Amino acid sequence: MSFASIPLEDKQRALSELRSIKEQFSARHWFPGTSGNLSIRVGEYAPDNFHFAITASGKDKSVSTPEDFLFVDQHGKAIETTNLKPSAETLIHCEIYRKTGCGAVFHVHTVYNNIISEWFGDQGAVPAQGIELIKAFNIWEENAAIEIPILPNYAHIPSIAELVPGVLKPEIPGILLRNHGIYAWGNNAFEAKRHLEAFEFIFEYLYKSLLLQGSRTTK
Ligand SMILES: CSC[C@@H](O)[C@@H](O)C(=O)COP(=O)(O)O
Ligand SMILES: [Zn+2]
């Protein structure tokens with residue numbers, strides 16, 4: 001499918017959803033210091049042919065301007081002539097879309113996701129069990145145990161992107177970058193947001209549990 005053949009309403013809907021999500025996450029202080037990036041796919045999907053709208057690089061994501069988003073192709077290249085640069089981490093979005101065919105990818109840096117990814121970094125995954133919010137990933141088993149993958153935070157983004165297929169698990173819609181942040185995705189913006197909120201709840205829960213456990217052993 002060519003970008004030109006995607007209905008204009010679909011492109012506008014993606015932009016207005018991105019604007020709304022950006023505003024909501026910003027209200028939670030999920031974009032400190034211009035960090036974070038968001039994208040929503042438009043049109044049909046094939047692993048070697050898809051398009052998405054993504055946040056422009058380096059912008060203050062707590063404000064709304066006419067220059068916040070642009071459309072890119074499956075290689076992360078801008079589709080239309082623009083002065084805007086796609087997010088520096090666009091290639092990670094590309095790889096997640098390519099492997100999952102999902103509809104939206106959200107990336108945020110929070111203190112909880114940074115600390116937890118560092119704490120479990122050497123293990124390569126964050127273990128979580130029996131937390132109710134695991135059901136937000138459509139895992140309904142009682143006392144379910146999951147592992148959230150962690151990738152190294154290389155400065156060279158293509159080196160991170162190429163590791164994505166090796167750690168991505170179909171049942172876990174997220175990957176942490178160590179001491180950096182999380183990528184969460186879903187079939188659409190609603191689902192990606194639900195997944196991201198569940199991950200952040202789990203990270204806060206684990207962080208506080210570890211603190212409590214620590215205080216017990218030092219008593
Ligand atoms: C300013 S710290 C954050 C960046 O290094 C990066 O990790 C990030 O999430 C935002 O990059 P961006 O290019 O604006 O999408
Ligand atoms: Zn980042």
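Me: Let's start with helix α3, residues 111–119. Which of its residues are buried?
Reply: Keep in mind that this is a predicted model. In α3 the buried residues are N113, I116 and S117. They span an arc of only 100° around the axis, which puts them on the same side of α3.

Me: Why do residues a few places apart point the same way in a helix?
Reply: An α-helix has 3.6 residues a turn, so residues three or four places apart point the same way. In α3, N113, I116 and S117 are the buried ones.

Me: On to the sheet. How many strands does it have, and in what order?
Reply: As a general idea, strands of a sheet pair through backbone hydrogen bonds, either parallel or antiparallel. Here the sheet is open, has eight strands and shows mixed pairing; the order is β3-β2-β1-β4-β8-β7-β6-β5. At the edges you'll find β3 (69–73) and β5 (125–129), each with a single partner strand, so one side of each has no neighbour in the sheet. On average, neighbouring strands are turned by 20° against each other, ignoring direction.

Me: Which strand pairs with β5, and in what sense?
Reply: That's β6 (residues 145–151), which runs antiparallel to β5 and is joined to it by five bridges. To find your place in the pair, look for Q129, which stands opposite A145 in β6.

Me: Which residues of β5 are on the covered face, and which on the uncovered one?
Reply: The general rule is that side chains in a regular strand alternate between the two faces of the sheet. In β5, V126 and A128 make up the covered face, while A125, P127 and Q129 are on the uncovered one.

Me: Last one: where is I6?
Reply: I6 sits in the segment before α1 (8–27). I6 counts as partly exposed because 16 other C-beta atoms lie within 10 Å. From I6 to N49 is 43 residues in sequence, and 13 Å in space from C-alpha to C-alpha.

Definitions and conventions: Residues numbered from 1 in each chain as written. Chains lettered and ligands numbered in written order. Predicted model: local features only at pLDDT ≥ 70, side-chain atom pairs only at ≥ 80, totals over all residues. Buried ≥ 20, exposed ≤ 12 C-beta atoms within 10 Å, placed from the backbone. Helix = DSSP H or I, 4+ residues; strand = E, 2+ residues; numbered from the N terminus. Arc of directions from axis to C-beta. Pairing = 2+ DSSP bridges. Axes fitted to C-alpha atoms, helices over the stretch in contact; angles between N-to-C directions.
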